[in-house]
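Please look through the model below before reading this note. The points go from the whole chain to single residues.

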Amino acid sequence: MATATAFKPSVPKQLPPPNSDFYQFADLLTAEERATVKKVRAFMESKVAPIITKYWAEDAFPFELLPAFKELNLGGLGIEGYGCVGGSQLLVGLVGMEMARVDSSIATFFGVQNGLAMESIALGGSEEQKQKWLPPMARYETIGCFGLTEPLVGSGAAGGLLTTAKREGDTWVLNGQKRWIGNAPWCDVSIIWARDVADNQVKAFIVENKTTPGFSVEKIQNKIALKVVQNGQITLKDVRVPEANRLQNDNSFRDTAKVLRLTRYDVAWEATGCQMGAYEHALKYAQERQQFGKPIGSFQLVQDLLARMLGNVTASQCMVVRAAQLEAEGKLTDQHAALAKAFTTARMRETVAWARELLGGNGIVADYNVARFFADAEALYTYEGTYQMQNLIVGKAITGLGAFV
Ligand SMILES: Cc1cc2nc3c(=O)[nH]c(=O)nc-3n(C[C@H](O)[C@H](O)[C@H](O)COP(=O)(O)OP(=O)(O)OC[C@H]3O[C@@H](n4cnc5c(N)ncnc54)[C@H](O)[C@@H]3O)c2cc1C
């Protein structure tokens, strides 16, 4: 007699959730670092993710997020004293990475305030200047920006800024223009880098945006990347600032480069986070999207794309974690930071493009997130010095031969 085969209901297989920490870097963190990362992830996923695409599409900054952002208590991360929360550069990197995993614009806002603006003061300011400016910036009561790039001088900033600073007694008179300056259209203070006409050296000045006569900002319109960050073109027309606002320990572009070393390191972490986000969105889509009656994630060519993305993500994570270790030992050089920025941003460009490809048509619709990662990656690739400039810094270090001009 034939026996009836037992009926097995088709239970959908539990698929692994997307996880971009394939080599388990989280295991290397201290309990405190893990708690900070967790807090940032919760903020980014619960507060930023639901609204950011709308702001991105509207070219607008989400000021509604600022109160919750302040509560994260990240003001002055990596800076000791002066009301700053301090902590390691590893933690600064992890926070930037976590932010960029959800949105590169929020990571950039944090990077401009914490890195470019506050680190400029922390590294170049006198004791008195640090006491005055850093505490309100750490509380996010004063928001800053960093004005180095000019309409006619970008990559060549080390070679000759056109913005001039002329000393008249205890006052400096600034004239010129700055372009691409993140936060500038709405923030409170600008770190303006200008060439001292007396010795031709680059010096830095703290300018109060809203109250200084001759200082004006025009928002750059129609960007296709980092649309949430408001970038400005600053005009300085006979702007007068007191000597007390000149960063006292900055005497040449070498001092500017000290800030850029740290912020390029930060961007490498952001580029890693941007890839992580794009990869996770793409993987989730591949598990859900059906074609030919199967999830597209079951196709060999799709798995190949995903594995390549994960390879890029993981290689970038290895690099930035090692850069953090070098920094902690006081060994991070300009060329280390430059290589990390160049490598991770180049890998990011590949990763986000593969993620976009994997989403098919939906890859170009902002509602599916990956399009935002794809577009924003272009800004990360260029800002803080282009790929070519980073490789020229590395090239000079490894050959001993400068090739900038
Ligand atoms: C979204 C965004 C935000 C930014 N935020 C800020 C900010 O907050 N503050 C700030 O000061 N700046 C900011 N920047 C400016 C940024 O740092 C510059 O865009 C960048 O340094 C490149 O300068 P550039 O755009 O003038 O390009 P250019 O210098 O004109 O370069 C154009 C191209 O020529 C290449 N090139 C130039 N010289 C060489 C060479 N010698 N050899 C080989 N190739 C070369 C470059 O690599 C690039 O591909 C921002 C830029 C963007 C896009």
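Predicted model: local features only at pLDDT ≥ 70, side-chain atom pairs only at ≥ 80, totals over all residues.

1. The protein chain has 11 helices and 9 strands. With a radius of gyration of 23 Å, close to the 22 Å that the globule rule gives for 405 residues, the chain is as compact as a globular protein of that length.

2. Extent. Along the principal axes, the C-alpha atoms fill a box of roughly 110 × 50 × 40 Å.

3. Inside and surface. How much of the protein chain counts as buried? The figure is 55% of the 405 residues. The chain exposes about 18,700 Å², and carbon and sulfur atoms supply 55% of that area.

4. Contacts along the sequence. Take the contacts between residues at least 6 apart in sequence: 74% of them join residues at least 24 apart.

5. Charges. The protein chain carries 42 positive and 42 negative side chains. The centres of these two sets lie 4 Å apart.

6. Strands E4 and E5. Strand E4 (residues 189–196) runs antiparallel to E5, and 7 bridges join them.

7. Is strand E5 largely enclosed or largely open? In E5 (residues 202–208), 6 of the 7 residues are buried, so the strand is largely enclosed by the rest of the structure.

8. Val-228. This residue sits in the loop between strand E6 (215–219) and strand E7 (231–242). Buried here means under 20% relative accessible area, and Val-228 is buried because its value is 0%. Leaving aside neighbours within four places in sequence, the contacts of Val-228 are Ile-52, Tyr-55, Trp-56, Ala-60, Phe-61, Pro-62 and Ser-105. Tyr-82 is 146 residues away from Val-228 along the chain, and their C-alpha atoms are separated by 30 Å.

9. Phe-22. Where does Phe-22 lie? Phe-22 belongs to the segment before helix H1 (31–48). Which residues does Phe-22 contact, leaving aside neighbours within four places in sequence? They are Leu-310 and Thr-314. From Phe-22 to Ala-68 the distance is 30 Å, C-alpha to C-alpha, for a separation of 46 residues in sequence.

Terms used: Residues numbered from 1 in each chain as written. Heavy atoms only, no water. Helix = DSSP H or I, 4+ residues; strand = E, 2+ residues; numbered from the N terminus. Rg over C-alpha atoms; globule rule 2.2 N^0.38 Å. Buried < 20%, exposed > 50% of the residue type's maximum accessible area, 1.4 Å probe, protein only. Contact = heavy atoms within 4.5 Å. Areas by Shrake-Rupley, 256 points an atom, 1.4 Å probe, with all protein chains shown as cover. Lys, Arg positive; Asp, Glu negative; His and termini not counted. Charge placed at Lys NZ, Arg CZ, Asp CG, Glu CD. Pairing = 2+ DSSP bridges.
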